[in-house]
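Hi,

Here is the structure I promised to pass on. Have a look at it first, and then read my notes below.

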Amino acid sequence: MNSGTPVFEFRKVSAYRGGTKVFDGIDLCIERGANTAILGPNGSGKSTLIKLLTREIYSVHSPESSLLVYGRDRWNVEELRSRMGIVSNDLQQDYGRHARGREVILSGYYSSIDIWPHQQFTPVELAQAEALMQELGIADLAERKYGKMSTGQQRRFLLGRALVHAPEALLLDEPTSGLDLSATFQYIDTVRRLMQSGTQLILVTHHLHEIPPEISRVVFIRDGRIVAEGEKSALLTSVRVSALFDCPVEVVERNGFYQAVPGE
Ligand SMILES: Nc1ncnc2c1ncn2[C@@H]1O[C@H](COP(=O)(O)OP(=O)(O)O)[C@@H](O)[C@H]1O
Ligand SMILES: [Mg+2]
């Protein structure tokens, strides 16, 4: 389903991190409705791409360049949250250790880190936070301090924080890295349910195994360039994945999931 305005569209976008030019005129369009994985090795620019969307960094200004999010070149991050929920690894690192589980979820309403005395929550918002914790299987951790949760528990709370606005799209950065098998499977299962109920997933990763069957499009990124994009089945082949990661990889598919094993 490609309906109208893309989720985001980069046209000739250049961006620096410190003194490094990560993107030199990159073009990338993520259509509405297409569950997409952006796959690339370490250092290829995946986190930089997310930071451009969250405006933690800005692209180099030039007349031919534009970066549109839902068709707009000016957006504020708070406003965007209701359309696109973003869970990045940096957020997980930076989130306040002392906030309790319930407060992590509620902080989504203000896009804040922790909640603050001046912030008011309506009975509906409070009830939604409880319902989300139930749905994500973390209700028993509502009083637990964030700093005392496991990586997997923290990530579920941050997902809940992104979901308070019931966003149209979710952008997840390496969502299962650092999680054990059971936490990984649980997380993938939750994300699959969200896709099945109509949330668009945009997944940024270097792990093939976290690409669920519902993902239909794949974008390959390498050295700050989009090197391929298309249907998942055409891209996730041994030859193409080996070229992307610059090492011999055998790609194995099972039940709609993919794994990479060392190739010949
Ligand atoms: N703060 C920084 N200062 C300088 N270079 C950086 C900084 N952060 C990232 N880079 C460089 O930018 C490039 C892209 O990094 P990043 O977007 O984090 O890649 P990925 O998320 O795909 O691993 C890498 O070459 C990395 O070394
Ligand atoms: Mg990264």
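Helices (H or I, at least four residues) and strands (E, at least two) are DSSP runs, numbered from the N terminus.

Before going on, please keep in mind that this is a predicted model: local features need pLDDT of at least 70, side-chain atom pairs count only at pLDDT 80 or more, and totals for chains, interfaces and linings use all residues. Residues are numbered from 1 along each chain as its sequence is written, while chains are lettered from A and ligands numbered from 1 in the order in which they are written.

**The sheet around β3**

Which strands does β3 pair with? One partner is strand β7 (residues 200–205), parallel to β3 and joined to it over 4 bridges; two strands count as paired if DSSP finds at least two bridges between them. Another is strand β8 (residues 217–222), which also runs parallel to β3, with 4 bridges.

Zoom out and you get an open sheet of 6 strands, in the order β5-β6-β7-β3-β8-β9, with mixed pairing. At its edges are β5 (84–87) and β9, each pairing on one side only. On average, neighbouring strands in this sheet are turned by 15 degrees against each other, direction ignored. For angles, axes are lines fitted to C-alpha atoms (for helices, over the stretch in contact), and values run from 0 to 180 degrees between N-to-C directions.

β6 and β7 are parallel too, paired over 5 bridges, and D173 stands opposite V204 in β7. Helix α6 (residues 151–163) packs on the sheet, where it touches β5 and β6, and its direction makes about 160 degrees with that of β5. Contact is judged by C-beta atoms, placed from the backbone, that lie within 7 Å of each other.

**The other sheet**

There is also an open, antiparallel sheet of 3 strands in the order β2-β1-β4. Because β2 (20–30) and β4 (66–69) stand at the edges with a single partner strand each, one side of each is left without a neighbour in the sheet. Neighbouring strands here are turned by 35 degrees against each other on average, direction ignored. Strand β1 (residues 8–17) pairs with β4 over 4 bridges in the antiparallel sense, and F8 stands opposite V69 in β4. Helix α1 (residues 46–53) lies across β1, β2 and β4, running at about 110 degrees to β1.

**Two domains**

The protein is divided into domain 1 (1–83 + 167–264) and domain 2 (86–165), with bounds from an automatic or database domain assignment. Their C-alpha centres lie 24 Å apart. Across the boundary, 19 residues of domain 1 are in contact with 11 residues of domain 2. On the domain 1 side, the largest share, 4 residues, comes from β6.

**Two loop residues to look up**

R55 sits in the loop between α1 and β4 and has phi near 65 degrees, a positive value in a residue other than glycine. With 13 C-beta neighbours inside 10 Å, R55 counts as partly exposed. D223, in the loop between β8 and β9 (225–231), has a positive phi near 50 degrees.

Enjoy looking around!

Methods:
Contact = placed C-beta atoms within 7 Å. Buried ≥ 20, exposed ≤ 12 C-beta atoms within 10 Å, placed from the backbone.
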